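Colleague: I've got this one open on my screen. Could you walk me through how to read a few of its features?

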Amino acid sequence: MNQACIHPAPDGDTLPQMPSWVISRSGDTLGDVAFFSGAALGHLHIVMARADVPQGLLRERLALRAAEASVAFSGRPERAADLRDAVHLLRPGDLPGPAGLIYQHWRKAIERPVSIIALYPALPTCSETDLAVWLGRFGSGPGGPVGRASAVLEAVMSEYPRAEHVALILADAVMAQALGWDYAVPLLGGGLSPRDLRKTGDNLRHACHRAVVASAVEATRMAADLARRAARLNAVAPKLRAKGAGAAVEMFLTRDAVAPWALPLSDRAARRLCDRLVSLGAVREVTGRDSFRLYGI
């Protein structure tokens, strides 16, 4: 699920669309929303197995969405563009600031397969013992994926009421474990509201099911867009002659945004490569600025 080299899909092949009856989500009982979230997750599971979807990049985009929501929970004004700047323009020795740190935690949470060792760098305020208890108790406990995720969310929020992004990262990790996914996919992190996080019991489970449907729909739409963009980048890659261009393409296929100086080329060659890829319609400049630019597909 984490292939960096994505090959174009066969002609006429498109990602399956989320059924309209899932998107409509008619019905308000817990049983209704649980049914729709199960259908949405089943559809997303198929999308996550597609070789033409850049899975690492999809998780990065969802992590940015989740980080933006987490930063808003903390009352800070930074949004997606600010978070990109805070992290992707960092030089060695620089600090990302409180909002950038939350974004870094989300990025670390989705970089490696779910485990205590992998999650510890993403949740440095938690002890390995706490992580072992939460993942062990809820990751393999009774109930469905969303039910387990809401249970760990409630447990962490009860113990640490101001650690919203910690609780959400753990909830998405537990849900991934329950679904048999290798990597955490930020769904609850970008789908729940501050009010939802104060709920408990069935009310929280209801909110989690609704959030999963909305996030799965968004993730499916995002996956289709990224698959098209990845196919375009792979199509033009053979035209690139710069030494290190292949490694640069790999970076664009796995990272939400890239600063030219981070590419494995000289500064001048990196800028020329980025300009070339923009002219070919393979990548975009995502800041709209004339300097300190960032690029992504």
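Modeller: Let's start with burial: Ala99, Gly100, Ile102, Tyr103, Gln104, His105, Trp106, Arg107, Ala109 and Ile110 are the buried residues of helix 5. Buried means under 20% relative accessible area, exposed over 50% and partly exposed in between, with a 1.4 Å probe and protein chains only. Bear in mind that this is a predicted model, where local features need pLDDT of at least 70, side-chain atom pairs count only at pLDDT 80 or more, and totals for chains, interfaces and linings use all residues. Numbering runs from 1 along each chain as its sequence is written, and side-chain values use heavy atoms, with hydrogens and water left out.

Colleague: What do the buried residues of helix 5 pack against?

Modeller: Contact means heavy atoms within 4.5 Å, and helices are DSSP runs (H or I, at least four residues) numbered from the N terminus. Here the partners are helix 3 (55-73), helix 4 (80-88), helix 6 (116-119) and helix 9 (164-179).

Colleague: How many Å should helix 5 span?

Modeller: The expected span is 1.5 Å times one less than the number of residues. Helix 5 (residues 97-111) has 15 residues, so it should span 21 Å, and its end C-alpha atoms are 21 Å apart, which agrees.

Colleague: Is Arg84 buried or exposed?

Modeller: Arg84, in helix 4, counts as buried because its relative accessibility is 16%. Its side chain joins that of Asp256 through a polar contact of 2.7 Å; such a contact is a pair of N or O atoms within 3.5 Å, where within protein one must be able to donate a hydrogen and the other to accept it, and residues adjacent in sequence count only if both atoms are side-chain atoms. Beyond four places in sequence, the contacts of Arg84 include Tyr103 and Leu294.

Colleague: And where is Pro186 found?

Modeller: Pro186 sits in the loop between helix 9 and helix 10 (194-197). With a relative accessible area of 1%, Pro186 is buried. Leaving out residues up to four places away in sequence, Pro186 touches Trp106 and Ile110, among others.

Colleague: At what angle do the axes of helix 8 and helix 11 cross?

Modeller: Axes are lines fitted to C-alpha atoms, for helices over the stretch in contact, and angles run from 0 to 180 degrees between N-to-C directions. Helix 8 (residues 145-159) and helix 11 (residues 201-236) cross at roughly 120°, their axes coming within 9 Å. Residues making the contact include Ser150 of helix 8 and Cys208 of helix 11.

Notes
Helices (H or I, at least four residues) and strands (E, at least two) are DSSP runs, numbered from the N terminus.
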